[in-house]
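Student: I have a structure to look at and would like to learn how to read it. Please take me through a few features.

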Amino acid sequence: MIPLSHFMIISAALFCIGLYAVLSKRSAIMILIGIEFMLNAAILNFVAFSRYDKFAAGGQTFALFAIVLAAAAVAVALAIILNVYGYYKTIDPTQIDQLRD
Amino acid sequence: MSEMLPYIAGLLRDVLSGIPHLMPELILACTFIVVILTDLFFKGKDSAATFWLCLTGLTASFAVTLLPSHQSQSGHLIFGNTLFADRLSIVFKQIFYFVILFFAVFVKFSPQFRKHSKGAGDLYILLPVILLGLNLMSMASSLLLIYLSVEMISIASYLMVGYVSGTSRQTEAAMKYVLFGSACSAMMLYGMSLLYAFTGTLNVAEPQFLQRLSQMPSLAGNVAVGLVLVGIGFKLSFVPLHFWSPDVYEGAPTTVTAFLSTGPKIAGFAILVRFTESLSPQGGGMPVFDFQGVLSAVAILSMLAGNFTAVWQDNIKRMLAYSSIGHTGFILMAVIVHSQQGLKPLLFYLLIYAIMNMAAFILAGRIEDQTGAVSIREYKGLGRYMKLEMVCFVVILISLTGLPPLAGFMAKFLVFSSVLENYSVTHSGWLLALLITAAVTTVVSLFYYFKVPLNAFLRQSEGKPVAPVKPDFLSVIILILTSLLLLWGIFPGLIA
């Protein structure tokens, strides 16, 4: 039996890697991958802790919903990034800055 | 599996007894499917069939909300304690219905959407889903439904901001919105997973939730609640999380901006109220999270940043975006004191805020469509050509400032007096700071709101004169909204 703390450590590590990618990467696609890391960290937590919630299985259900919603959000995000590429010929968010104060 | 068999009958009975409370939402889900099929096969000219069918579905769902049987049954939790069916959610649903209704009409009359090669049909399809998401946000009591409804609104909003994509700025706004939004919702999801890990339940309203959370080390609990607040804060666009809103409001089609600044924000307040309520211990005890301190700091910063930055803005939509950040800070004051005073000031402010912001953005959009003016400098002399629009605009801006005799004044007055009353009892330093900031920033807001009438009426236009604009159906709606502000400002008792 793997203790629950191991799952928590892995998910915290995944979350931090994802957050680092979101803050530091210079490509919209890489930022999306970072967001996906953060989502999967949360999903791992949900699945691991639903061991104590066998009857309602809330964590398992939540994990399924989160996976589907993440896929939907990524599909929309990729379509928007494709549109951006059509106008700017780059997907580096630091160079796409026509809107600012 | 077999050990669950005895419970199945009870679970089924629970689900069946909840269905009558969920009728408005079920109607919306059916409308969604019917509207998709209609838009595929019987589009009609300008997606007219889709539009009218969509409006019928929305109105039917609203009518069911108003039924006396629906109202009297309210006041408890349904579907295995995952949804609140109470007075509060019904009030919020009524506000949401009118926001979506006006949004639909504005889209119908927006040349940007009518001239678009795809047409506006796909946007009408989104409307029932958005209303469904907003309704669920006002009812949600389980973490799963909070996340689900927030994401429903977010994904639909990303699509709407990027819908036209006619210029590079519009795609840029959509990309900033989707990246910032997904990152915030991922943080919220991680916070929720931590809350689930600490408490073993997804249901915020259960006593077990608060009880187990207060047994955790305070740092762990604070991190988890703080991460969930990040997701809610993105919807509210309060200060550390407001960076997206001026860019998105400026870049998005103005009709969509009118919706973004009202619907999701009001729903965000609904969730914030429920969340703070269920995490505040009844009858004393150590609070798990210092909501009063954190929300007060956020509210003060929002009011300062929103109102002071708005003074430097020249683009009208950017100015309104910063002003709406300032208003968020003001509304947060009502959330901070709501447990003592009831929700009346908050609900009144939200309703008036929805009317004011919708009308202001629609007028900005209309002026842009007719004359091409997007910055306040270009408004010079427009008061002579667009008399009705400019007079309404000035009335709405005075109401946004919060001057009598308009409804904006009554809304601010109610919030202000409830905070003052609370301060005279508790003598909390946070409340005093809030009151001072609110008073100072209201004065500051005069400077930027009054730039519009200054340019429109008191300065001469430099360019060539614009042809006088003929009034149409949209002018009638704007006139109705403006007169509502005047009516409710003088007789606030008319809102039950």
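Tutor: The talk below goes through the chain contact, helix packing and salt bridges.
Tutor: This is a predicted model, in which local features need pLDDT of at least 70, side-chain atom pairs count only at pLDDT 80 or more, and totals for chains, interfaces and linings use all residues. Residues are numbered from 1 along each chain as its sequence is written, chains are lettered from A and ligands numbered from 1 in the order in which they are written, and side-chain values use heavy atoms, with hydrogens and water left out.

Student: What is the area buried between chain A and chain B?

Tutor: An interface is often sized by the accessible area lost when the parts come together. Here about 3900 Å² is buried between chain A and chain B, and carbon and sulfur atoms give 76% of that. Buried area is the accessible area (1.4 Å probe) that two parts lose on being put together, summed over both. Chain A brings 44 residues to the contact and chain B brings 45; contact means heavy atoms within 4.5 Å.

Student: At what angle do α1(A) and α9(B) cross?

Tutor: Packed helices are described by the angle between their axes and the distance between the axes. The axes of α1(A) and α9(B), residues 168–199, cross at roughly 165° and come within 12 Å. Helices are DSSP runs (H or I, at least four residues), numbered from the N terminus. Axes are lines fitted to C-alpha atoms over the stretch in contact, and angles run from 0 to 180 degrees between N-to-C directions. α1(A) is therefore roughly antiparallel to α9(B), a term for angles over 145 degrees. The α1(A) contact with α9(B) has 12 nonpolar, 1 polar and no charged residues. Ala, Val, Leu, Ile, Met, Phe, Trp, Tyr, Cys and Pro count as nonpolar, Asp, Glu, Lys and Arg as charged, and the others, Gly among them, as polar. Among the residues that meet are A:F15 and A:L19 in α1(A), and B:Y190 and B:L194 in α9(B).

Student: How many salt bridges does the structure hold over all chains?

Tutor: Side chains of opposite charge can pair when their charged atoms come close. The structure holds 12 salt bridges over all chains, with 0 across the interface of chain A and chain B. The rule asks for a side-chain nitrogen of Lys or Arg within 4 Å of a carboxyl oxygen of Asp or Glu. One salt bridge joins the side chains of A:D92 and A:R26, at 3.8 Å, N to O. A:D92 lies in the segment after α3 and A:R26 in the loop between α1 and α2 of chain A, so the pair ties together parts 66 residues apart in sequence.

Definitions and conventions:
Helix = DSSP H or I, 4+ residues; strand = E, 2+ residues; numbered from the N terminus. Parallel < 35°, antiparallel > 145°, perpendicular 65-115°, else oblique.
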